[in-house]
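Let's walk through this structure together, one stretch at a time. Have the sequence and the model side by side as you read.

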Amino acid sequence: MEVKQSKAKYWALCFFWLVILIILVIFYRQFFWLALPGTVTYLAKALDMI
């Protein structure tokens, strides 16, 4: 039997990285790629894809 883990931590980290991503797109467009892996990784963990 699998134990369900809380995904709240992953959702919080996903939104944190999303805010950083938006800030980088607005102010430092050339550094947009630095926040993209964190956003996508934690979104996938929150959606239980990985």
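Predicted model: local features only at pLDDT ≥ 70, side-chain atom pairs only at ≥ 80, totals over all residues.

Asp48 is not a glycine, yet its phi is positive, at about 60 degrees. Most residues other than glycine have a negative phi. Asp48 lies in the segment that follows helix H2 (32–46). Is Asp48 buried or exposed? Its relative accessible area is 52%, and because the cut-off for exposed is over 50%, Asp48 counts as exposed.

Now step back into the helix itself. H2 has 15 residues, which at 1.5 Å a residue should span 21 Å. The C-alpha atoms at its ends are 22 Å apart, so the model agrees with that expectation.

Which residues of H2 are buried? They are Ala35, Gly38, Thr39, Ala44 and Ala46. An α-helix has 3.6 residues a turn, so residues three or four places apart point the same way. That is a handy thought to keep while you follow the buried positions along the helix. And what do the buried residues of H2 pack against? Their partner is H1.

On the H1 side, take a look at Leu13, which sits in helix H1 (residues 8–27). Leu13 and Gly38 are 25 residues apart along the chain, and their C-alpha atoms are separated by 8.3 Å. Gly38 is one of the buried residues of H2, whereas Leu13 is partly exposed, with a relative accessible area of 28%. Buried would need a value under 20%, so Leu13 falls in the partly exposed class.

How values were computed:
Residues numbered from 1 in each chain as written. Heavy atoms only, no water. Helix = DSSP H or I, 4+ residues; strand = E, 2+ residues; numbered from the N terminus. Buried < 20%, exposed > 50% of the residue type's maximum accessible area, 1.4 Å probe, protein only. Expected span 1.5 Å × (residues − 1). Contact = heavy atoms within 4.5 Å.
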